[in-house]
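Please look at the structure first.

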Amino acid sequence: MPWPPLRDALVGDEPYGAPQLDVPVQLNTNENPYGPSPAAADDVAAAVREAALGLNRYPDREFSALRRGLTDYLNSDGGRDLTPDMVWAANGSNEVMMQILQAFGGPGRTALSFAPTYAMYPEYARNSLTEWVAARREDDFSLDLDKARQLVQELQPAVVLLPSPNNPTGTALPPEAVSMLCEAAGNGLVVIDEAYGEFRRDGVPSALELIDTHRNLVVTRTMSKAFALAGARLGYLAARQEVVDAIRIVRLPYHLSAVTQATALAALRHAPELLGRVADLRIERDSTVEWLRDQGCAVADSDANFVLFGTFADRHAVWQALLDAGVLIRETGPEGWLRVSVGTGEEMAAFRAALTDVIATHPPTTVKETR
Ligand SMILES: *Cc1c(COP(=O)(O)O)cnc(C)c1O
């Protein structure tokens with residue numbers, strides 16, 4: 001046995017995470033660049049103080065008030081008649097998805113996604129001893145529905161995990177794709193990860209609208225991105241009650257602290273303010289896409305708060321040169337591509353200025369349009 005006695009499957013693995021560097025312009029982890037107002041922060045502080053007076057007791061294990069608040073919010077954003085027993089939450093949607101694989105994956109079962117996709121998915125599979133299969137997206141990062149159907153029917157995955165909009169490409173799934181996957185999956189679950197759902201372009205529906213139609217559909221959301229609350233760690237899902245009840249079997253006792261519950265509830269009371277800059281960020285996103293195309297880059301259409309662009313013969317050199325200029329973006333996605341999160345107007349101006357300089361010595365090598 002090795003020392004420390006790490007599982008064979010973990011030997012040589014590194015902990016996941018983007019570099020947390022102290023640079024002036026941080027555009028690498030898709031957070032909302034606009035923090036809560038002092039008034040919202042005061043309300044959170046007051047709610048936490050109230051909760052603190054009862055911290056000798058374990059918190060409400062079923063976080064009933066928070067589930068009601070999240071349910072109301074989802075019903076206002078594409079959910080139909082969700083009820084609190086169809087909503088579940090944990091410390092970030094990462095924990096929600098880990099719980100999904102603990103409950104529905106496991107030895108002898110398969111989790112399927114389509115790459116390029118979120119880098120954490122294979123880690124949930126590894127941690128839950130679930131077999132991991134990553135099929136491919138098309139060159140424009142869409143799904144070929146016939147190929148996807150065939151694969152799902154052949155593999156019979158216990159869980160299909162798909163972000164929509166996708167990270168790192170920004171690509172949203174059309175409702176036909178979600179319905180097709182749900183039908184092909186039989187009793188397997190289809191998890192549509194809408195971490196960036198609030199940034200969808202006009203006319204792009206949420207998978208929440210299909211929850212009534214497909215009993216095996218799970219839609220996950222998070223307060224980390226549009227909601228400007230990444231530091232609080234609160235993610236959630238909507239699904240049939242029987243799915244939620246099954247997840248309750250694997251959750252750790254009292255997994256959502258009283259402080260977290262109070263913080264998230266206070267944030268929900270300030271939803272209009274916290275989400276108030278989403279419209280600005282969508283406009284900034286669309287103009288970033290356009291500007292990058294004008295520079296001769298290939299750019300994936302984006303329904304999220306980030307943009308994938310390329311391609312560069314040496315993307316690491318481009319990433320490093322931007323960092324040297326004080327702009328941190330993400331070296332991720334297929335070879336040659338880079339991802340930039342949408343920041344404030346000032347941050348994006350700094351990004352454009354820095355990239356203009358870098359492109360002079362590292363021009364994009366793109367030949368074909370990616371739309
Ligand atoms: C950021 C992100 C999440 C959110 O993670 P949290 O744990 O809720 O902060 C989930 N899925 C994808 C694809 C993401 O990019």
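Helices (H or I, at least four residues) and strands (E, at least two) are DSSP runs, numbered from the N terminus. UniProt, in an unreviewed entry, places the feature "domain: Aminotransferase class I/classII large" at residues 25-352. UniProt positions follow the numbering used here, feature names are shortened, and annotations may be inferred rather than shown by experiment.

This is a predicted model: local features need pLDDT of at least 70, side-chain atom pairs count only at pLDDT 80 or more, and totals for chains, interfaces and linings use all residues. Residues are numbered from 1 along each chain as its sequence is written, and side-chain values use heavy atoms, with hydrogens and water left out.

**Cores**

The largest nonpolar core has 81 residues. A nonpolar core is a set of buried Ala, Val, Leu, Ile, Met, Phe, Trp, Tyr and Cys residues joined through side-chain atoms within 4.5 Å. Buried means under 20% relative accessible area, exposed over 50%, and partly exposed in between (1.4 Å probe, protein chains only). Leu-70, Ile-100, Tyr-124, Met-223, Leu-234 and Leu-237 touch the most other members. Domain 1 (17-34 + 277-359) and domain 2 (38-273) both contribute residues, so this core lies between them. A second, separate core holds 26 residues, including Phe-312, Val-318, Trp-319 and Val-327.

Leu-234 has contacts (heavy atoms within 4.5 Å) beyond four places in sequence. Among them are Leu-66, Leu-70, Met-223, Leu-256 and Ala-264.

**Domains**

The chain is assigned domain 1 (17-34 + 277-359) and domain 2 (38-273). These bounds come from an automatic or database domain assignment. Their centres, taken over C-alpha atoms, are 26 Å apart. The contact takes 24 residues from domain 1 and 23 residues from domain 2.

The area buried between the two domains is about 1800 Å². Buried area is the accessible area (1.4 Å probe) that two parts lose on being put together, summed over both. Carbon and sulfur atoms give 56% of it. Arg-282, Asp-303 and Phe-306 supply 33% of the area that domain 1 buries against domain 2, more than any other three residues.

**Salt bridges**

A salt bridge is a side-chain nitrogen of Lys or Arg within 4 Å of a carboxyl oxygen of Asp or Glu. By this rule the count is 18. Between domain 1 and domain 2 the count is two.

| Pair | N to O distance | Sequence separation |
|---|---|---|
| Glu-62 and Arg-248 | 2.9 Å | 186 residues |
| Arg-201 and Asp-303 | 3.1 Å | 102 residues |
| Glu-331 and Arg-315 | 3.9 Å | 16 residues |

Glu-62 sits in the loop between helix 1 (38-52) and helix 2 (64-75), while Arg-248 is in helix 7 (residues 241-250). Arg-248 is partly exposed, at 30% relative accessible area. Salt bridges that share partners join Glu-62, Arg-67, Asp-245 and Arg-248 into one network.

Arg-201 lies in the loop between strand 6 (189-193) and strand 7 (217-222). Asp-303 lies in the loop between strand 9 (298-299) and strand 10 (306-310). Arg-201 is partly exposed at 32%, whereas Asp-303 is buried at 3%.

Arg-315 is in helix 11 (residues 315-324) and is buried, at 11%. Glu-331 is in the loop between strand 11 (327-328) and strand 12 (338-341). Glu-331 is partly exposed, at 30%.
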